[in-house]
Amino acid sequence: MLDRSRLRHAALRYAEHGWDVTPGAHLAGDRFDCARPGCPTVGCHPALERWEEAATCDTAKVAEWWRRAPHAVLLPTGRAFDVLEVPAHLGLRVLGAARLHASVLGPGRGQVRGPVAVTPTGRWMFLVRPGDPLRPELDDSLDVVRHGAGSWIPAPPTRLPEGTVRWSVSPEETRWRLPDSYAVQGMLVDALGAASRGAQLPRQTSTLRRAA
């Protein structure tokens, strides 16, 4: 009951701010159950077969869904926002750069800071303004996944088998504002370059010697 109440409250909060929501299968043990007969999917997935059509920010409809079961909270992408999903080592670099950028006065202040969700498996999801494709430098990168139209993300406080999805930067912290996608992608390009340069540095041996 507590899980369902928390999930319902979160889903309603997103809907109240104009973010479409769709119910996901609920976690039962170590697999997800959508109650659809014969569904072979055991990972997190939409509970409704026609989830794209059903997704809504109608709070009455959202409340009705979560009265029935402790559904995972899924947010369709390509509508109110797109999502740039990256591994933790890139996410930490970009978040640090975004915080530094937002603290500097001048034109463009805050353009790169927006909500960031983190999965318990270490995937960082940067919510950005929708519509922009990946830059050519990122298009072939296996480390960067863009979620646009036809996709979705699990939103906090959805539980996965490994733990709970959480906000590293909540929508309230950014007043529900979204950053420019290409501005965030620019920082991803820089982060990938820095990671690549770091991997190419020769390994240094310690110059310290044990005392005889």
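Threonine 22 stands opposite leucine 74 in strand E4. The model is a predicted one, in which local features need pLDDT of at least 70 and side-chain atom pairs count only at pLDDT 80 or more, whereas totals for chains, interfaces and linings use all residues. Residues are numbered from 1 along each chain as its sequence is written, and side-chain values use heavy atoms, with hydrogens and water left out.

Helices (H or I, at least four residues) and strands (E, at least two) are DSSP runs that are numbered from the N terminus. Strand E1 is joined by 3 bridges to strand E4, residues 72-76, and the two run antiparallel; two strands are taken to pair if DSSP finds at least two bridges between them. In general, strands of a sheet pair through backbone hydrogen bonds, either parallel or antiparallel. An open sheet of 3 strands is found here in the order E1-E4-E9, with antiparallel pairing. Because strand E1 (22-24) and strand E9 (152-154) stand at the edges with a single partner strand each, one side of each is left without a neighbour in the sheet.

Helix H3, residues 59-68, packs on this sheet and touches both E1 and E4, its direction making about 15° with that of E1. Contact here means heavy atoms within 4.5 Å, and angles run from 0 to 180 degrees between N-to-C directions, along axes fitted to C-alpha atoms, for helices over the stretch in contact. The buried residues of H3 are Val62, Ala63, Trp65 and Trp66, where buried means under 20% relative accessible area, exposed over 50% and partly exposed in between, with a 1.4 Å probe and protein chains only. The face turned away from the buried side of H3 carries the exposed residues Ala60, Arg67 and Arg68.

The structure holds 9 salt bridges, each being a side-chain nitrogen of Lys or Arg within 4 Å of a carboxyl oxygen of Asp or Glu. One of them joins aspartate 3 to arginine 159, with the closest N and O atoms 2.9 Å apart, and this pair links helix H1 (residues 2-16) to strand E10 (residues 159-160), the two residues being 156 residues apart. Another is formed by glutamate 172 with arginine 13, at 2.7 Å between the closest N and O atoms.
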